[in-house]
Amino acid sequence: MKTVTNAPLGKDALALAGLFLASGTMHFVKPAPFESMVPRQLPQRRALVYVSGAAEIACAVGLLFPQTRKVAGIASAVLLVAVFPANVTMTAQAGRGVSRDPGSTAKQGYLAATVARLPLQWPMIRTALRAAGVMR
């Protein structure tokens, strides 16, 4: 009997791999926006951005292959939990931007997008765990 991790990659897990690949690449192409999300208390913010970008790319590639899917799925879920505080920081920064310029529809839209992104972490974590075969 085949395990879930040997099953074809589902569309949701393929989409997660695509998101990780795109986001991870952007960590290297345009690191500044990601740097601003790293809590100021942490040292070497640029290096942390590069490490998290490399982790996203590694998870994306790992999800694509049955031999590495279980480990990559678990690592993806852990990574999504680990970066959640940065997403909260991004939302707080967007909220401060709206406070400084309440009439800016662009800043309001950005804030709305960052708020909407927060609850999306759970389905992405669930997708990663399903790809790993540890959750149905």
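Biologist: Does Asp-101 count as buried, partly exposed or exposed, and what is its relative accessibility?

Modeller: This is a predicted model, in which local features need pLDDT of at least 70 and side-chain atom pairs count only at pLDDT 80 or more, while totals for chains, interfaces and linings use all residues. Residues are numbered from 1 along each chain as its sequence is written, and side-chain values use heavy atoms, with hydrogens and water left out.

Asp-101 counts as partly exposed, at 32% relative accessibility, where buried means under 20% relative accessible area, exposed over 50% and partly exposed in between, with a 1.4 Å probe and protein chains only. The side chain of Asp-101 meets that of Lys-107 in a salt bridge at 4.0 Å, N to O, a term that asks for a side-chain nitrogen of Lys or Arg within 4 Å of a carboxyl oxygen of Asp or Glu. Lys-107 is also partly exposed, with a relative accessible area of 34%.

By this rule the count comes to two salt bridges. In the other pair, the side chains of Glu-35 and Arg-46 meet at 2.4 Å, N to O. Glu-35 lies in helix H2 (residues 31-35) and Arg-46 in helix H3 (residues 45-64), so this pair ties together parts that are 11 residues apart in sequence; helices here are DSSP runs of H or I with at least four residues, numbered from the N terminus. Arg-46 is partly exposed, with a relative accessible area of 37%.

Conventions. Helices (H or I, at least four residues) and strands (E, at least two) are DSSP runs, numbered from the N terminus.
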